[in-house]
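Student: Can you walk me through this one? I'd like the fold first, then some individual residues.

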Amino acid sequence: MPLFHTDRWAVLNQYDQPFCEYDGIDNVDNSAQADVPTEPQEEGRIYAYDKVPLPNELTLVLLFNGDYTKQNAAMDILDSAVKNTEVFKIVTPERVHENMTVVGYSGSRSATNGANSFAVTVNFREIVDAQITVRTAQYSPRNPTSAPKVDEGRKQPSVLADLFGLG
């Protein structure tokens, strides 16, 4: 049985608890992209290779009604989240987005929604863990005397070699 119901919306912290006391989620925009790296080659040609997925980005609007203490607490949590590396889980009906961190937010309050209603647009980006393998190179130098002798080119004859017939 899955941990989350598909009809629920939530922004959860590392303990699977709502990360702040919001009253609702109004809007969710999800973005997934990839890049194809290119390198310049001879004669102005470009070499394109592979495809590199970029981290997913998600923007959502959190709604707060009435309670200014709750709104201030949420802003404090968002201020902290922008400055640290805490990751969140965002649950939507179609998917659970893991390892999402807050990269920005903006708030708005308008008279049309009531002066005490507060909407905060929060921008999340996926943190992708790289799996790095460390290997140690084996260095085994050869004995310098085991190398074959190399002809070093034309030699200058010496006076001694001419006298004794060694040249």
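Tutor: The answers below go from the overall fold to the sheet, the core and a few residues.

Tutor: This is a predicted model, in which local features need pLDDT of at least 70 and side-chain atom pairs count only at pLDDT 80 or more, while totals for chains, interfaces and linings use all residues. Residues are numbered from 1 along each chain as its sequence is written, and side-chain values use heavy atoms, with hydrogens and water left out.

Student: How many helices and strands are there?

Tutor: The protein has 2 helices and 10 strands. Helices (H or I, at least four residues) and strands (E, at least two) are DSSP runs, numbered from the N terminus. The elements run β-β-β-β-β-β-β-α-β-β-β-α from the N terminus on.

Student: What order do the strands take in the open sheet of 6?

Tutor: The order is 1-8-9-10-7-2, with antiparallel pairing; two strands pair if DSSP finds at least two bridges between them. Strand 1 (10–12) and strand 2 (24–31) are at the edges with a single partner strand each, so one side of each has no neighbour in the sheet. From one strand to the next, the twist averages 35°. Axes here are lines fitted to C-alpha atoms, for helices over the stretch in contact, and angles run from 0 to 180 degrees between N-to-C directions.

Student: How many bridges join strand 7 and strand 10?

Tutor: Strand 7 and strand 10 pair over 9 bridges, and Glu57 stands opposite Arg125 in strand 10. Strand 9 and strand 10 pair over 8 bridges, with Val102 opposite Phe124 in strand 10. For strand 8 (residues 88–91) and strand 9 (residues 96–108) the count is 3 bridges, and there Phe88 stands opposite Met100 in strand 9.

Student: And which strands does helix 1 touch?

Tutor: Helix 1 (residues 68–83) packs on the sheet and touches strand 7 (57–65), strand 8, strand 9 and strand 10 (117–126). The helix direction makes about 120° with that of strand 9. Contact means heavy atoms within 4.5 Å.

Student: What's in the largest nonpolar core?

Tutor: That core has 23 residues, and those with the most contacts inside it are Val11, Leu62, Phe64 and Phe124. A nonpolar core is a set of buried Ala, Val, Leu, Ile, Met, Phe, Trp, Tyr and Cys residues joined through side-chain atoms within 4.5 Å. Strand 1, strand 7, helix 1, strand 8, strand 9 and strand 10 each give two or more residues to this core.

Student: What does Val11 touch?

Tutor: Not counting residues up to four places away in sequence, the list for Val11 includes Phe19, Ile25, Leu62, Phe88 and Phe124.

Student: Change of topic. Is Asn13 buried or exposed?

Tutor: Asn13 is buried, with a relative accessible area of 16%. Buried means under 20% relative accessible area, exposed over 50%, and partly exposed in between (1.4 Å probe, protein chains only). Asn13 lies in the loop between strand 1 and strand 2. Leaving aside neighbours within four places in sequence, Asn13 is in contact with Pro18, Phe19, Glu86 and Phe88.

Student: Where is Ile77, and what does it touch?

Tutor: Ile77 is in helix 1 and counts as partly exposed at 32% relative accessibility. Beyond four places in sequence, Ile77 touches Phe19 and Cys20. Ile77 and Cys20 are 57 residues apart in sequence and 7.1 Å apart in space, C-alpha to C-alpha.

Student: What fraction of the residues counts as buried?

Tutor: Of the 167 residues, 22% count as buried.
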